[in-house]
Every structure is written in structure tokens, then in C-alpha cells.
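User: I would like a close look at one part of this protein. Keep it brisk, please.

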Amino acid sequence: MAADLILYTNPMSRGRIARWMLEETGADYETVVLDYASTMKQEPYLSINPMGKVPAIVHNGHVVTECAAICAYLADAFPDAGLAPPITDRADYYRWLFYAAGPVEQAVTNKSMNFAPTEQQQRSAGYGNYDLAVDTLEKAVSAHPYIAGNSFTAADVYVGSQVVWGVQFGTLPKRDTFAAYAERITTRDAYKRANDKDNALMPAPEPERAE
Ligand SMILES: N[C@@H](CCC(=O)N[C@@H](CS)C(=O)NCC(=O)O)C(=O)O
């Protein structure tokens, strides 16, 4: 019988965000590792995610794709883990979760592909321009200890992953505020467990060839 909760991923992907969130919930889940060139682009996976991209989760037969949606969904599906604020106190939680999945993601992707919108284009580009998007993110992560207030939530898994990866891969500038926020969230046991599990799935390095 299929597991109630399955993670489709690749250790070199945004699937790490979904795994971190799964580890935060404490739920049991099965991992299916997909290969970029083959299994990710074939059935049966294309019936789960027609985008042929990871991650995806299947929970009790329901498919969720998009890392930010996976984080929010799992927080609601496993309420005992306390990863979503009370329903009446979700303004910052939703605001910054969607901000990171939309404007921040688009700003860093465009920057990494050397595309900068003109002043005219900035009016219709949801993120405006890179500096504006990054400065706004910096204000958000420095307003409280965590992105939605004084407690860690699912929004920190997503926003935090953007910050940690962005600084690590140079798509976000190195700033003290980003470093301090990254430090607060990456000391969590669930983050370390998730990384250990994904690191163990990484392909072994090629042996050096003798000349
Ligand atoms: N918006 C998606 C992005 C997913 C995505 O682009 N995943 C990449 C790996 S990080 C992928 O699967 N790429 C494979 C491909 O497009 O061939 C999310 O947030 O989950």
C-alpha cells in the first residue's frame, strides 16, 4: 500500500525546502528520488506534476506542488507541530510567504539570468526592481526574530530557504541582517536532519582520473 505522505524530490533541488518542512512537522513520510533527465519527465510522475519539476508531495492522495504551498499546506495538515500562527494572526505569515514565492523569486531569477527591467517595465514587473525587492526583504527579516513575529512558522522555512540559498549562491547580497536571520533558523534540529538526509542522497563524487 502506498504511504499516506510521499515526497518526490532530488537532493539537488528545491525539494530540500519541502523536506525541511516535512521534518518540522515530525510526520512519517516516504521519499521518492527522481532523476532530472529521466523519471522527472516521464509517467507516472508527469501525472503528479505535469511541470516535470520537483518537489511535489502526495498526502492521502492529494497532490501539492510549489514549495511555498507545500509549506503552508503541511503546517495546516499537521497543526500539532504549531507551524502556522492562529488564523486571526496570519497577516505577516501570508504576506511574506507569498512575497518570497513571487517578487523575491522573480527578482533573484531575473538577476541570475542578467535581466534587469527598464524603468517602464518595473511598473508592471511585480517585484519592481532587484534592489527594491531585496531591501524590502531585508526590512521584513529584521522586523521580528522570525518572519511572522516572535515564533518560528512554516513561512520561515520558505523565506529562510530563499535567504540561506540566496546568500550562499550569491543571488542575494551578504548583509548582516540576512546572516543573523539565517543563523536563527538553521540551528534548528529539523533543518539539520533534513540536510543530513538529502546530503546522504547526493551522488558520490567522481574518482580523480590518473593522467
Ligand atoms: N516554483 C517551483 C519551482 C520548482 C523547480 O523549478 N524545481 C526545479 C529544481 S530546483 C526542477 O525540478 N527543475 C527540473 C526541470 O525543470 O527540468 C517550486 O517552488 O516548487
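Predicted model: local features only at pLDDT ≥ 70, side-chain atom pairs only at ≥ 80, totals over all residues.

Leaving aside its neighbours within four places in sequence, which residues is Asp156 in contact with?

Leaving aside neighbours within four places in sequence, Asp156 is in contact with Tyr146, Ile147 and Ile185. Asp156 sits in helix α7. Asp156 counts as buried because 29 other C-beta atoms lie within 10 Å, and the cut-off for buried is 20 or more. Trp96 is 60 residues away from Asp156 in sequence. In space, the C-alpha atoms of Asp156 and Trp96 are 9.0 Å apart.

Now the helix itself. α7 runs over residues 154-169. Its length can be checked. At 1.5 Å a residue, the 16 residues of α7 should span 22 Å. The end C-alpha atoms are 23 Å apart, which agrees. Just after α7, Gly170 takes a positive phi of about 80°.

α7 is mostly covered, with 12 of its 16 residues buried. The buried set includes Ala154, Ala155, Val157, Val159 and Gly160. Ser161, Gln162, Val163, Val164 and Gly166 are also among the buried residues. What covers them includes α1, α3, α4, α6 and α8.

Tyr158 is another residue of α7 to look at. Tyr158 counts as buried, with 30 C-beta neighbours inside 10 Å. Not counting residues up to four places away in sequence, Tyr158 touches Ile17, Cys67, Ala68, Cys71, Leu97, Ala100 and Ala101. By contrast, Asn114 is 44 residues from Tyr158 along the chain, and their C-alpha atoms are separated by 24 Å.

Next, a helix that helps cover α7. α6 is one of the helices over the buried residues of α7. α6 takes in residues 130-143, and its 14 residues should span 20 Å at 1.5 Å a residue. The end C-alpha atoms of α6 are 20 Å apart, which agrees. The buried residues of α6 are Tyr130, Ala133, Val134, Leu137, Ala140 and Val141. Seen down the axis of α6, these fall within an arc of 120°, so they line one face of the helix. An α-helix has 3.6 residues a turn, so residues three or four places apart point the same way. The face of α6 turned away from the buried side carries the exposed residues Asp131 and Lys139.

Last, the domains. The domain assignment gives domain 1 (5-82) and domain 2 (87-194). Their centres, taken over C-alpha atoms, are separated by 21 Å. The contact takes 13 residues from domain 1 and 12 residues from domain 2. The largest share, 7 residues, comes from α1. That side of domain 1 divides into 9 nonpolar, no polar and 4 charged residues.

Terms used. Residues numbered from 1 in each chain as written. Helix = DSSP H or I, 4+ residues; strand = E, 2+ residues; numbered from the N terminus. Expected span 1.5 Å × (residues − 1). Arc of directions from axis to C-beta. Contact = placed C-beta atoms within 7 Å. Domains from an automatic or database assignment. Nonpolar A, V, L, I, M, F, W, Y, C, P; charged D, E, K, R; others polar.
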